[in-house]
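My notebook is open, and I am looking up a few things in this structure. Here is what I want to go through: the sheet, the core, the disulfide and a couple of single residues.

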Amino acid sequence: MKYILRTFILLFFLSSCAYEYTPPTPDFKGTSAEYDYEIFLSYSEIGCESLLKIKNNSSQSQSTYIELTAFDENDTNVDMTNYMISLGSNEVAERTSTFTRVDYCSEVKKLRISIKDY
């Protein structure tokens, strides 16, 4: 009887420790022109780091200039960063850049993204 009880308790604790992995959700997500994008913000030693994942939905390869502008809760422009990316048809790219004038990512309440093809 002791062994059955111990086994039951052990199985209970082992099953309660298991968890299901859920991937991180983007802080900002959307579609602009022919591109789908996701932006993840994370703390960096020199500011707030932004990870941009962008997908070209066009049938053409394009060089793209992307500009991210960060705003605080008062809609004040607090910082800006940019990317230059070459994307093929249906290609996905990941790039990182840092908002150096923002100490904490929680200060960024809104982002404006501008995408220009070249």
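**Ground rules.** I count two strands as paired if DSSP finds at least two bridges between them. Strands (E, at least two residues) and helices (H or I, at least four residues) are DSSP runs, numbered from the N terminus. I am working with a predicted model, in which local features need pLDDT of at least 70 and side-chain atom pairs count only at pLDDT 80 or more, while totals for chains, interfaces and linings use all residues. Residues are numbered from 1 along each chain as its sequence is written, and side-chain values use heavy atoms, with hydrogens and water left out.

**Sheet.** I looked up the strand order and found an open sheet of four strands, β1-β2-β3-β6, with antiparallel pairing. β1 (28–32) and β6 are at the edges with a single partner strand each, so one side of each has no neighbour in the sheet. On average, neighbouring strands here are turned by 20 degrees against each other, direction ignored; the axes behind that are lines fitted to C-alpha atoms, for helices over the stretch in contact, with angles from 0 to 180 degrees between N-to-C directions.

**Hairpins.** I then followed the chain from β1 onward. β1 and β2 are antiparallel over five bridges, and they form a hairpin with two residues between them. In that turn I noted A33, which has a positive phi of about 55 degrees. Another hairpin joins β2 to β3, again through two residues. Strands β2 (residues 35–44) and β3 (residues 47–56) are joined by 10 bridges.

**Confidence.** How does the protein score on average? The mean pLDDT (the predictor's confidence in each residue, from 0 to 100) is 86, and 94% of the residues score at least 70. A reminder to myself: where pLDDT is low, the predicted coordinates should not be read in detail.

**Core.** A nonpolar core is a set of buried Ala, Val, Leu, Ile, Met, Phe, Trp, Tyr and Cys residues joined through side-chain atoms within 4.5 Å. Buried means under 20% relative accessible area, exposed over 50%, and partly exposed in between (1.4 Å probe, protein chains only). The largest core has 23 residues, and I39, L41, L52, I54, I66, I85 and F99 touch the most other members. β2, β3, β4, β5 (77–87), β6 and β7 (110–117) each supply at least two of its residues.

**Disulfide.** I take a disulfide as a pair of cysteine sulfur atoms within 2.5 Å, and I get one. C48 and C105 have their sulfur atoms 2.2 Å apart, and the link is right-handed, with 115 degrees about the S-S bond. The pair links distant parts of the chain, 57 residues apart: C48 in strand β3 and C105 in the loop between β6 and β7. Both C48 and C105 are buried.

**Single residues.** Which residues does T69 touch? Beyond four places in sequence, T69 in strand β4 (residues 62–71) has contacts (heavy atoms within 4.5 Å) with N77, D79, M80, K110, L111 and R112. T69 is buried, with a relative accessible area of 2%. In strand β6 I checked T98, which, leaving aside neighbours within four places, is in contact with I46, G47, C48, E49 and T81.
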